[in-house]
Amino acid sequence: MFKTVLLPIDLAESSSWEKALPAALRLCQPEDGGVLHVMTVVPDFGMSVVGTYFGAEFEERAMNQVGETLGQWVAENVPEGTEVHRHVTQGRVYDEIIRAADRLNVDAIVMGSHRPELTDYLLGPNAARVVRHANQSVFVVRGD
């Protein structure tokens with residue numbers, strides 16, 4: 001059905017991938033040569049004044065550490081034999097997901113989502129923004 005699928009995850013929140021990972025694997029069909037791209041986003045500091053409190057090496061260390069953690073996550077959760085590519089980006093979550101999907105030329109994006117809370121209606125969750133703005137098909141898999 002889809003040859004390449006992007007699965008954005010939050011390494012600190014298992015609800016972002018517990019149900020979305022099996023759905024992504026079904027969609028990309030790795031046994032038939034499908035490719036899974038797994039990504040996580042390191043949020044940026046926001047205001048530049050905040051960034052001045054951290055040394056230049058802090059960002060590089062954080063990105064490397066997140067990359068190692070993502071590698072461990074892939075080893076523990078993605079079935080052996082699956083062609084999987086890991087990606088760590090930095091910025092606004094929804095912008096980075098959309099940018100990665102376009103850059104990687106994926107066929108679909110699979111995202112986990114939680115039940116909306118009041119703050120989600122006011123601010124808009126990442127999944128909703130990706131659904132509205134992505135050029136690819138987006139599958140939102142609800143948690144419990």
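Biologist: Is asparagine 105 buried, partly exposed or exposed?

Modeller: This is a predicted model, and the values here are computed from it. Asparagine 105 lies in the loop between H4 and strand E4 (108-113). Buried means under 20% relative accessible area and exposed means over 50%. Because its relative accessibility is 59%, asparagine 105 counts as exposed.

Biologist: What is the phi of asparagine 105?

Modeller: Asparagine 105 is not a glycine, yet its phi is positive. The value is about 55°.

Biologist: Where does glutamine 29 lie, and is glutamine 29 buried, partly exposed or exposed?

Modeller: Glutamine 29 sits in the loop between helix H1 (20-28) and strand E2 (35-42). Glutamine 29 also has a positive phi, about 45°, although it is not a glycine. Its relative accessibility is 26%, and values between 20% and 50% fall in the middle class. Glutamine 29 is therefore partly exposed.

Biologist: At what angle do helix H4 and helix H6 pack?

Modeller: Two packed helices are described by the angle between their axes and the distance between the axes. For H4 (residues 93-104) and H6 (residues 126-133), the axes are 9 Å apart. The crossing of H4 and H6 is right-handed. The packing angle is about 40°.

Biologist: Which residues in H6 meet H4, and how many residues of the contact are charged?

Modeller: H4 brings Val93, Tyr94, Ile97 and Ile98 to the contact, and these meet Asn126, Arg129, Val130 and His133 in H6. By class, the residues of this contact divide into five nonpolar and two polar. The number of charged residues is one.

Biologist: Which element supplies the largest share of the largest nonpolar core?

Modeller: This core has 21 residues, and Val5, Leu7, Leu36, Trp73 and Val110 touch the most other members. At least two residues come from each of strand E1 (4-8), H1, E2, helix H3 (56-77) and E4. The largest share is seven residues, and it comes from H1.

Biologist: Which residues does leucine 7 touch, and how many residues are in the other core?

Modeller: Leaving out residues up to four places away in sequence, leucine 7 touches Ala20, Leu21, Ala24, Leu36, His37, Val38, Met39, Trp73 and Val110. Another core lies apart from the largest one, and its members include Ala101, Val106, Met111 and Val130. The size of this other core is 15 residues.

Biologist: Why is the pair of phenylalanine 2 and phenylalanine 139 edge-to-face?

Modeller: The ring centres of phenylalanine 2 and phenylalanine 139 are 5.7 Å apart, and ring centres within 6.5 Å make a pair. Phenylalanine 2 is in the segment before E1 and phenylalanine 139 is in strand E5 (residues 137-142), 137 residues apart. Phenylalanine 2 counts as buried at 16% relative accessibility, whereas phenylalanine 139 counts as partly exposed at 32%. Planes over 60 degrees apart count as edge-to-face, and here the planes are at 75°.

Biologist: How are the rings of tryptophan 17 and tryptophan 73 arranged?

Modeller: Tryptophan 17 is in the loop between E1 and H1, and tryptophan 73 is in helix H3, 56 residues apart. Tryptophan 17 is buried at 16% relative accessibility, and tryptophan 73 is buried at 6%. Their ring centres are 5.2 Å apart and the planes are at 80°, so the pair is edge-to-face.

Key:
Residues are numbered from 1 along each chain as its sequence is written. This is a predicted model: local features need pLDDT of at least 70, side-chain atom pairs count only at pLDDT 80 or more; totals for chains, interfaces and linings use all residues. Side-chain values use heavy atoms; hydrogens and water are left out. Axes are lines fitted to C-alpha atoms, for helices over the stretch in contact, and angles run from 0 to 180 degrees between N-to-C directions. Helices (H or I, at least four residues) and strands (E, at least two) are DSSP runs, numbered from the N terminus. A crossing is left-handed if the near helix is turned anticlockwise from the far one by less than a right angle, and right-handed if clockwise. Contact means heavy atoms within 4.5 Å. Ala, Val, Leu, Ile, Met, Phe, Trp, Tyr, Cys and Pro count as nonpolar, Asp, Glu, Lys and Arg as charged, and the others, Gly among them, as polar. Buried means under 20% relative accessible area, exposed over 50%, partly exposed in between (1.4 Å probe, protein chains only). A nonpolar core is a set of buried Ala, Val, Leu, Ile, Met, Phe, Trp, Tyr and Cys residues joined through side-chain atoms within 4.5 Å. Rings of Phe, Tyr and Trp (its six-membered ring) pair if their centres lie within 6.5 Å; planes under 30 degrees apart count as stacked, over 60 as edge-to-face and the rest as tilted.
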